[in-house]
There are 2 protein chains.
Amino acid sequence: MLEKVKHIILVLSGKGGVGKSTVSTQLALTLSESKFKVGLLDIDLCGPSVPYLLGLEGHDVHQCEEGWVPVYTNADKNLAVMSIGFLLKNRTDAVIWRGPKKTAMIKQFLEDVAWEDLDYLIIDTPPGTSDEHITVMECLKAVNADGAIIVTTPQEMALEDVRKEVTFCKKTGINIIGIVENMSGFVCPNCTECTNIFSSGGGVALAELAKVPHLGTLPIDPRVGALAGSGKACVKELPDCTTSKILQSIADNISAEKS
Amino acid sequence: MLEKVKHIILVLSGKGGVGKSTVSTQLALTLSESKFKVGLLDIDLCGPSVPYLLGLEGHDVHQCEEGWVPVYTNADKNLAVMSIGFLLKNRTDAVIWRGPKKTAMIKQFLEDVAWEDLDYLIIDTPPGTSDEHITVMECLKAVNADGAIIVTTPQEMALEDVRKEVTFCKKTGINIIGIVENMSGFVCPNCTECTNIFSSGGGVALAELAKVPHLGTLPIDPRVGALAGSGKACVKELPDCTTSKILQSIADNISAEKS
């Protein structure tokens, strides 16, 4: 039930392991810290990481008259979360499903969850351009999603996959809000030397090439990594770090454009 | 056509971006440096990275009487490669396919490629446990694959996905050769301090937990990363680095067990 959802934003990446779920959860937390009502839907059915990242593992989804009740991160209920992780009995259970079952599950997540009034619904996707992505695009056609944020790391291989993702957005007619470059440099905690482990600047170059906005460049920061599992907002815990500043600017960007 | 293939090894990971394709290509190169005849099949249809990693982008697949001729890395023809990347007109083309089309393509890769005599066929898979994995397992039932190598990074989130992959192997009855822990520490090139960016030791603990062998722990090494795109074997170019030693020991392990 997406009738009462004002804005829908997809978070995509061509390649896995680029920090898509970290960006999705931290963006959702940033928006909820800015007093918006936010939903976060994890449609990575084979590797759901949102429950772990938000410290919500073991929580259950309940049924109400309107459908499934999402899991809320706190009593204020300003961040509602849904993931297949909440439906698995055991966290080591593997979801060994072919496409049609995945498609049915995602439709349920969009149609049968009581999302209530939301300012923003962030949808975290698995890597690639297959069943999950095609299904979510088809379901969102009627409700007019705001667009997609594409997350990438700066190495050539990841960028190649992002180009595929840009092609996918163009083919399926979804607006690209912009590209976030993640893990673009590691600052040694011992000597403060910054090394571009995965090379650098690729996201900026790609944004120019694809003529889409570059939303920011996030460094590798073990302090941000350490927030995984806590459900804490980076913008609140580490207000001065680069990651927080960029997250806030993306959130401001989204809310300025769309309010 | 897998009749003349002696050993088949799958490379799996629950999560994307853990270096699965790098491990697959370098393992294939290591085995071919050890004078074995090797094949490398990339069944990641939405994000094929093997052609880029081996410096083979732009190469074409040809047709012969027996089927598709794979791409060879050199005139000695001791490393045969097949990937959907060779079939795309443009490297930015997105493969926007639902499951059944992916299944058909993978069957063709296994049945219609003229793999010829191979000592080893390494199969690089996409992240997850879905169509590609189910299909490849079903197709390999008749030919008795040797087993799977599972690649992971040490952070908790990746390990959780690996547990799903272990469940998948057990459910589908494939032997687990062992777990490789990748990117487990970064040695600062300025001060040589080693930082465990993504935490450490998870792969070892997981191998113990799942009662499967731990094959080795690969550090983050920008010199190894720089080999991407060159098609050069790490064991030949950087014989003294930790990554080479572990790759060689995995190759020795496989060939000792199976010869």
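How much area do chain A and chain B bury between them, and what percentage of it is on carbon and sulfur atoms?

**View 1. The interface of chain A and chain B.** About 4300 Å² is buried between the two chains, 59% of it on carbon and sulfur atoms; buried area is the accessible area (1.4 Å probe) lost by two parts on being put together, summed over both. Ile96(A), Arg98(A) and Lys164(A) supply 16% of what chain A buries against chain B, more than any other three residues. Contact (heavy atoms within 4.5 Å) joins 50 residues of chain A to 50 residues of chain B. This is a predicted model, in which local features need pLDDT of at least 70 and side-chain atom pairs pLDDT 80 or more, while totals for chains, interfaces and linings use all residues. Residues are numbered from 1 along each chain as its sequence is written, chains are lettered from A in the order in which they are written, and side-chain values use heavy atoms, without hydrogens and water.

**View 2. A salt bridge between Asp131(B) and Arg98(A).** The closest N and O atoms of this pair are 3.2 Å apart. The rule (a side-chain nitrogen of Lys or Arg within 4 Å of a carboxyl oxygen of Asp or Glu) finds 6 salt bridges across the interface of chain A and chain B.

**View 3. Helix 5 of chain B, residues 156–172.** Helices are DSSP runs (H or I, at least four residues), numbered from the N terminus. This helix has 17 residues and reaches 25 Å from first to last C-alpha. Of its 17 residues, 13 are buried (under 20% relative accessible area, 1.4 Å probe, protein chains only). Gly173(B) follows the helix, with a positive phi near 75 degrees.

How values were computed: Helices (H or I, at least four residues) and strands (E, at least two) are DSSP runs, numbered from the N terminus. The expected span of a helix is 1.5 Å times one less than its number of residues. Buried means under 20% relative accessible area, exposed over 50%, partly exposed in between (1.4 Å probe, protein chains only).
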